[in-house]
Amino acid sequence: MIFNALVNAALIAPPAMAFSLLFGILKFPNFAIGGYITVGAFAAYTFNVPLGLPLPLAAAAAMLVTALVVWLMHVLVFQPMEEHSAITLLVVSIALTLIIENVIRLFFSADVRGFEIPLERPWKLLGARITPEQVQIIIWSLVIGVALHCLLAYTWIGRAMRAVADNPMLAAIRGVNATRITAFTTAICGALFGLTGVFAGLDLVIEPLVGWNLTIPIFAAAILGGIGSPYGAIVGALLVGLAEEATILFLPSTYKIGVGFVIIAVLLLLRPQGLFGTAEIRK
Amino acid sequence: MSDALLKTRALQSGYGKTIICHDVTLDLAPGEITCIIGPNGAGKSTLLKTIAGVVRPVSGSVTVAGREIAGLPAAQVARSGMAYVPQEANVFRQLTTHENLTMGSWGDKTRTQEACDRIYEMFPDLARLRQTRAGNLSGGQRQMVAFGMALMLAPKVLLLDEPSAGLSPLMVGQMFDIVQRVNGEGVAILMVEQNAIQGLRIADHGIVMAAGRVALQDQASNLLASKEVSELYLGSRS
Amino acid sequence: MSAYLISMGTYVGFFMILALALNLQWGIAGMVNFGIAGFYAMGAYVSGLLVAKLGVPVGLAIPAACVAGWVLGGAVALLSVRLREDFLAIVTLGVGEVIRLIVLNEDQITEGPRGLRIDGRPFGDLIGPELYPLFYLLLVAVCVLITYLVCERIRRAPMGRTLRAIREDDVVAEVLGKNVLMHRVLTFAIGGFFMGLAGALYAHYVQNISPEVFMPVVAMFIWMSVIVGGAGNNRGILIGAGTVMIFLEGTRFIGDFTDVLDAEKMSAMRIILIGFLLIVTLRLRPRGLLPEPKFNVKKT
């Protein structure tokens, strides 16, 4: 159970960090991430199965494609609508997810698919069944987390990303081209969503709703960790992963998706700034 | 005054269709402090924002060392040798002191190291607070970070919007000392100040703004001595 | 064909009631509700279960559904008034999903995915089966009219002004002595009341309800109706709901005449179209087809 929770967390953590980053810059909860993850899953599928690329290459290509899609959506849809309220943008982002999901349905039909990978017998460890894919997900998720941390903490562009999220006007005053930094951030987040699509395809199945089903756990993790704080999102992901696995013990597994919501609701009511976020003064 | 470093000529600006600043013409000579005073809503901050490129001018010109910058976005004005310190939200609260400073040299990253050393020498307090998040600093410390960030690229002109706002009375005095010290390094300063008397005392020139126009422009000492100015704008201190 | 139009008109009616209720909550009072599907389901199942399992007369079951929606709205508002609006969006979406999950899983009561059969209909014994659809359309139209009049009345009344004040700045409204909490909870509850009504009307119209109807996408369609029509403007909302419904249902005709796309692809196309409708409307008319009228202080 602990192991399953870890896999869940590894699946949710990178997109929760990306969601947190995006929220920092765009200031609204972007439901389009569901669509983006689905794009990643299907792009990887296309490169892997019909085109016959080995999965690691297909995954890299899918990350690239998703980064491009996310950037394009930002430029075509969200950037021109900047002056709209957060709620309008939220509705637009849900509409965007619906569009993406259904465009994929048009091309791929709703059949359930999987990657072409050699089937290996799951290892048994202390009575738990562990597949090599799950171990890979955990390892790669860790690698990505460390890489993102290095990018944010030690590079110029990472600092600028945080600066623009914090205070875009001051960033401009100090000579930072906020448009370019925002574009870069969306692309980085896009790559993370693409990777999540690949992971989801490995651990779950590839179908048009794969992203939507992950959206709420991702939100829950990001909000738990304190929105806008990518590191908090990692801890949030662990907690959500545990909570989801724990519910299965008591409730029918179809309730799993509700767990994220309940976590969000309870937490927001008790501690609106998240577990690790700092209280914000309302203006 | 033709050798002025910063010049504005017939500058007009505002928000949407509302014009706030009308026909502002001023000069700032190298190494001088000019203090802009005037009642609330006189357009002082808007004038500064227009010069810094944060608010777009409707018409008129702004030049720094002879180069026209009116209408350029703030990110490009930042490379013109002029740095602007806004009144509020003038540090990145989520970044550490050190990271804040490095953001100040975005325009020329090769100079970051020596510039940081220079700033820490100037504000020894900051060296101690290197790894502290700016959001957790006190008001005075935050103001130093804001100044330090603006000074990273060694600008020739510094625009300060109410540097003493929100500081404790004790800190206000220190703030003006810092402004004078920065000026002592040869940086010309154009500042807006509520604290008119203290502002004018350290300034070479003073500008009185009212209703978006320059109402008076003179040596700071003359303005301080003028009965009319002290009654209308400085508040009678009898 | 005319049977089809009558049925489509009835569905437009459900949408209009939901959209008017959302407009009251969000467009006028500025409170976000993404759990519309949950309120709709609440109305449908309360009325449906009362009739099907307990034999309560329809004439009592429908008002009971409205009251259930009212209570749910009040409870959600009470719990979450302190939340930022984007977080309230996620919480209300969660409320909607949890209601759907309960309906889906507690199948001893709700019949779950098998669907709940409801035999009772309002005035079912008085009107013959040929005329009944037309009668029901009229009944729904009357309900739309009542909802419209109530919402319009609230918008124009002093309460509407207070709600707009709260929407623009709740702190200022509070300082001015308005009971912000009471106004918010009451408005959200009234919105819930009408959403419950729409659910009950739906349940007795289709007479067989199952949880997959109450997916979050319903909330999306209603939100699109409000945004496309013009938030804050009740007449705009009616147009918005009509437009979205025509896009949603009207495109079925095209499906009937072409065999290029199968049913599944057709339904995908429809949702893509709706999505574009929203984005294009926002780009061309940022405040919706009929923007909120500006209030003249002197006139009122």
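Contact, as the word is used in these legends, means heavy atoms within 4.5 Å. The model is a predicted one, in which local features need pLDDT of at least 70 and side-chain atom pairs count only at pLDDT 80 or more, whereas totals for chains, interfaces and linings use all residues. Residues are numbered from 1 along each chain as its sequence is written, chains are lettered from A and ligands numbered from 1 in the order in which they are written, and side-chain values use heavy atoms, with hydrogens and water left out.

**Figure 1. The interface of chain C and chain A.**
Of the two pairs of chains in contact, chains A and C share the most contacts, and here 42 residues of chain C meet 43 residues of chain A. The size of an interface is often given as the accessible area lost when the parts come together. Buried area is the accessible area (1.4 Å probe) that two parts lose on being put together, summed over both, and between chain C and chain A it is about 3,800 Å², with 79% given by carbon and sulfur atoms. On the side of chain C, the residues that lose the most area to chain A are Phe87(C), Ile90(C) and Ile279(C), which together make up 15% of what that side buries.

Helices (H or I, at least four residues) and strands (E, at least two) are DSSP runs, numbered from the N terminus. In chain C, α3 (58-80), α4 (85-105), α10 (216-229) and α12 (263-284) each supply at least two residues of the side that touches chain A, and α4(C) gives the most, with 13 residues. With Ala, Val, Leu, Ile, Met, Phe, Trp, Tyr, Cys and Pro counted as nonpolar, Asp, Glu, Lys and Arg as charged, and the others, Gly among them, as polar, this side of chain C has 28 nonpolar, four polar and 10 charged residues.

**Figure 2. The interface of chain A and chain B.**
Chain A and chain B bury about 1,900 Å² between them, of which 67% is on carbon and sulfur atoms. Trp156(A), Ile173(A) and Arg174(A) supply 38% of the area that chain A buries against chain B, more than any other three residues. The rule finds one salt bridge across the interface of chain A and chain B, and the side chains of Glu99(B) and Arg162(A) meet in a salt bridge at 2.6 Å, N to O. Nine residue pairs, both at pLDDT 80 or more, are in polar contact between chain A and chain B. Both α6 and α7 of chain A supply at least two residues each to the side of chain A that touches chain B, with the largest share, six residues, coming from α6(A).

**Figure 3. Helix α6 of chain A and its surroundings.**
Buried means under 20% relative accessible area, exposed over 50%, and partly exposed in between (1.4 Å probe, protein chains only). In helix α6 (residues 156-166) of chain A, the buried residues are Gly158(A), Arg159(A), Ala160(A), Met161(A), Ala163(A), Val164(A) and Ala165(A). The buried residues of α6(A) pack against α1 (2-26), α5 (132-154), α7 (168-173) and α8 (178-203) of chain A, together with α3 (97-104) of chain B.

**Figure 4. Two loop residues of chain B with positive phi.**
Most residues other than glycine have a negative phi, and most peptide bonds are trans. Ala89(B), although not a glycine, has a positive phi of about 50°; its place is in the loop between β6 (82-85) and α3 of chain B, and at 51% relative accessibility Ala89(B) counts as exposed. Ala211(B) likewise has a positive phi, near 50°, and is found in the loop between β9 (205-210) and β10 (213-219) of chain B, where Ala211(B) is exposed with a relative accessible area of 61%.

**Figure 5. The surroundings of Ser225(C).**
Ser225(C) lies in helix α10 of chain C and is buried, with a relative accessible area of 0%. Not counting residues up to four places away in sequence, Ser225(C) touches Phe15(C), Ala19(C), Gly240(C), Ala241(C) and Val244(C).

Note on methods: A salt bridge is a side-chain nitrogen of Lys or Arg within 4 Å of a carboxyl oxygen of Asp or Glu. A polar contact is a pair of N or O atoms within 3.5 Å; within protein, one must be able to donate a hydrogen and the other to accept it, and residues adjacent in sequence count only if both atoms are side-chain atoms.
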